Amino acid sequence: MIRNWTGLYTIIQKEAERVFKVSIQTLITPWISALLYIFVFGQVVGQRINFIEGVEYIDFVLPGILMMNVLMAAFSQSSFSLYFQRFARNIEEILVSPLSYAEMIIGYVIGSMIRAGVVGVGIYLIAVLFSAANLNHVGAFLFYMISVSIIFGFLGILTGLWAKGFEQLNILNTFVIMPLSFVGGVFNSINMLPANLQTIARFNPFFYFIDGIRYSMIGIRETNPTTGLILILVSITGLSILTVSLFRRGYGLRT
């Protein structure tokens, strides 16, 4: 599928350079945000809650905080990068280059993975300061970090193709990603909800992402892992097919 390795490497290098060139926006901001979340919900609120599901509250909420920032970082990287190239009409240079659509898409997705990975590692190191940096299952941790970054890298590409202005880039983040993250079990156990709300929460895909990363870090799982695995595989497959199809049609790329 990949023939032009040099071209693919160039896109990845360009995306990585963008991450570190505007590091205040791409890295420092989510690290500060995570620090505030950890301090407020881990130290201030945690002093009153103490334990949840048998572990300290700060240990319970950290995986959710980490996952929330990782998926937002992956989404923002690909969406803003692609849209800005459309806005500046730099995308035309890529379209006429000897790159396949799959190679272009892979380049953007890997760029999202790089940004999400750096953000995630930074938050984990911050957690060390609060003695909340647990890691029980390294393999599961890497799987959820990588797979969720891929999913939201694709979603960012789709948003970057669809957006007609900079304000539209934040619509999905503001009205979908942030709300579903907060009700996906970031700060509470699903068992703390009324029975009817527990049923609704299980239809929230973010719940499975957060539950998976929480299991990898502290060994607590609140749902069937097979459901989360199927959701991730179906999402990656479906989004990849849709993205390649839109690129081939020139949706949002050609005027």
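Predicted model: local features only at pLDDT ≥ 70, side-chain atom pairs only at ≥ 80, totals over all residues.

Me: How do H7 and H11 run relative to each other, roughly parallel or roughly antiparallel?
Reply: H7 covers residues 138–162 and H11 covers residues 225–249. Their axes come within 10 Å and cross at roughly 30°. Angles under 35 degrees count as roughly parallel. So H7 and H11 are roughly parallel.

Me: Which hand does the crossing of H7 and H11 have, left or right?
Reply: Look at the pair where the two axes cross, at roughly 30°. The crossing of H7 and H11 is left-handed.

Me: How many charged residues are in the contact of H7 with H11?
Reply: H7 brings residues including Phe143, Ile150, Phe154 and Leu158. H11 brings residues including Leu229, Ile236, Leu239 and Phe247. By class, the contact has 16 nonpolar and 4 polar residues. The number of charged residues is none.

Me: How many residues in the contact of H4 with H10 are nonpolar?
Reply: The crossing of H4 and H10 is right-handed. On the H4 side, the residues include Phe60, Val61, Leu62 and Met67. On the H10 side, they include Phe206, Ile210, Arg214 and Met217. The contact has 1 polar and 2 charged residues, and its nonpolar count is 12.

Me: Which residues of H10 make the contact with H11?
Reply: H10 and H11 pack at about 115°, with their axes 10 Å apart. The crossing is left-handed. H11 gives Thr227, Gly228, Leu231 and Ile232. H10 gives Pro205, Tyr208 and Phe209.

Me: Which helices give two or more residues to the lining of the largest pocket?
Reply: The largest pocket holds about 340 Å³ of space. Its lining has 15 residues. The elements that give two or more of them are H2 (23–44), H4 (57–87) and H8 (171–182).

Me: Which residues lie nearest the centre of the largest pocket?
Reply: By class, the lining has 7 nonpolar, 7 polar and 1 charged residues. Nearest the centre lie Thr29, Met72, Ser76, Arg115 and Asn173.

Methods
Residues numbered from 1 in each chain as written. Heavy atoms only, no water. Axes fitted to C-alpha atoms, helices over the stretch in contact; angles between N-to-C directions. Helix = DSSP H or I, 4+ residues; strand = E, 2+ residues; numbered from the N terminus. Parallel < 35°, antiparallel > 145°, perpendicular 65-115°, else oblique. Left-handed = near helix turned anticlockwise from the far one by under 90°. Contact = heavy atoms within 4.5 Å. Nonpolar A, V, L, I, M, F, W, Y, C, P; charged D, E, K, R; others polar. 1 Å grid on protein atoms, 1.4 Å probe; cavity = no way out; pocket = protein on both sides within 12 Å on 5 of 7 lines; lining within 4 Å. Points joined across faces, edges and corners; volume = space filled by probe spheres on them.
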